[in-house]
Amino acid sequence: MPPWTMAWARALLTALLLTPFFVAHFQELGQFLRRHGLHALAIGAIGLGVTQGTMFSALHQTTAVNAGIVFALAPIITMVMARFVLAEAMSALQWLGVFIAFAGVVTVTVQGDPARLAGLQIGLGELLALLAAVLFAIYTVSLKRARFQLSRVPLLGIILEVVELGHVL
């Protein structure tokens with residue numbers, strides 16, 4: 001399946017499966033959309049559309065090993081971005097945890113073989129995976145910065161639905 005079709009189909013299937021959970025929130029969702037529809041569309045499109053489409057495109061250009069290692073940088077990129085955009089301070093313990101997690105992802109991904117890590121090459125796929133990691137960080141920080149006053153289930157519904165609407169338009 002083409003990468004962008006996969007991203008769209010994944011969001012559509014999720015939206016359809018979760019729609020029964022959103023029914024009780026339709027009035028709240030309507031009010032939210034009138035106030036924040038375009039903002040939610042932009043954030044949802046980045047997080048559930050463009051990020052996933054870019055990552056699936058990366059996987060067409062490189063191996064899952066390479067893409068996994070590069071995309072594992074997303075938490076680090078998010079922390080750095082949150083520091084500058086949201087003024088969130090990170091403790092030394094949090095930084096240590098992120099780097100241990102990243103080292104664990106790399107170790108598992110290369111199956112503990114340093115030769116596999118040394119043999120990694122950077123090409124279009126790796127650059128697309130890095131772009132997907134940056135986009136995911138933008139999505140995460142933007143969602144937190146928006147401070148939407150909506151509970152999580154309806155907010156997920158809005159983001160999924162506006163992504164689907166964006167694909168249709």
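Of the 169 residues of the protein, 36% count as buried, where buried means under 20% relative accessible area, exposed means over 50% and partly exposed lies in between, with a 1.4 Å probe and protein chains only. The structure is a predicted model, in which local features need pLDDT of at least 70 and side-chain atom pairs count only at pLDDT 80 or more, while totals for chains, interfaces and linings use all residues. Residues are numbered from 1 along each chain as its sequence is written, and side-chain values use heavy atoms, with hydrogens and water left out.

The secondary structure comes to eight helices and zero strands, helices being DSSP runs of H or I with at least four residues and strands runs of E with at least two, numbered from the N terminus. Along the sequence the pattern reads α-α-α-α-α-α-α-α, and the C-alpha trace spans about 55 × 40 × 25 Å along its principal axes. Of the contacts (heavy atoms within 4.5 Å) between residues at least 6 apart in sequence, 84% join residues at least 24 apart.

The interior was examined through its nonpolar cores, a nonpolar core being a set of buried Ala, Val, Leu, Ile, Met, Phe, Trp, Tyr and Cys residues joined through side-chain atoms within 4.5 Å. The largest nonpolar core has 15 residues, of which Phe32, Phe148, Leu150, Leu155 and Ile158 touch the most other members. Helix H1 (3-22), helix H2 (26-61) and helix H8 (152-168) are the elements that give two or more residues to this core, and H2 gives the most, with five residues. Apart from this core lies another, of seven residues, among them Met55, Ala67, Val70 and Ala132. When neighbours within four places in sequence are left aside, isoleucine 158 is in contact with Leu29, Phe32, Leu33, Ala40 and Leu150. In helix H3 (residues 64-71), the buried residues are Val65, Asn66, Ala67, Ile69 and Val70, and these pack against H2, H4, H5, helix H6 (114-118) and H7.

Aromatic rings were considered next. Rings of Phe, Tyr and Trp (for Trp, its six-membered ring) pair if their centres lie within 6.5 Å, and planes under 30 degrees apart count as stacked, over 60 as edge-to-face and the rest as tilted. The count by this rule comes to four aromatic pairs. Phenylalanine 32 and phenylalanine 148 form an edge-to-face pair, with 5.0 Å from centre to centre and 85° between the planes. This pair links distant parts of the chain, as phenylalanine 32 belongs to helix H2 and phenylalanine 148 to the loop between helix H7 (124-146) and H8, 116 residues apart. Both phenylalanine 32 and phenylalanine 148 are buried. The rings of phenylalanine 136 and tyrosine 139 have centres 6.0 Å apart and planes at 45°, so this pair is tilted. Phenylalanine 136 and tyrosine 139 are separated by about one helical turn, because they stand three residues apart in helix H7. Phenylalanine 136 is partly exposed, with a relative accessible area of 32%, whereas tyrosine 139 is buried at 13%. Phe71, Phe136 and Tyr139 form one aromatic cluster.

On a 1 Å grid over the protein atoms alone, a pocket is an open set of points with protein on both sides within 12 Å along at least five of seven lines, and lining residues have an atom within 4 Å of a point. About 290 Å³ of space lies in the largest pocket, a volume being the space filled by probe spheres set on the grid points, which are joined across faces, edges and corners. H1, H2, H7 and H8 each supply at least two residues of this lining, and the largest share, five residues, comes from H8. By class the lining has 10 nonpolar, two polar and three charged residues, with Ala, Val, Leu, Ile, Met, Phe, Trp, Tyr, Cys and Pro counted as nonpolar, Asp, Glu, Lys and Arg as charged, and the others, Gly among them, as polar.

Some individual residues complete the description. Alanine 87, in the loop between H4 and helix H5 (92-109), has a positive phi near 60° although it is a residue other than glycine, and alanine 87 is exposed, with a relative accessible area of 57%. Arginine 147, in the loop between H7 and H8, likewise has a positive phi, of about 50°, without being a glycine, and arginine 147 counts as exposed at 64% relative accessibility.

Methods
On a 1 Å grid over the protein atoms alone, a cavity is a set of points where a 1.4 Å probe fits but cannot get out, and a pocket is an open set with protein on both sides within 12 Å along at least five of seven lines; lining residues have an atom within 4 Å of a point.
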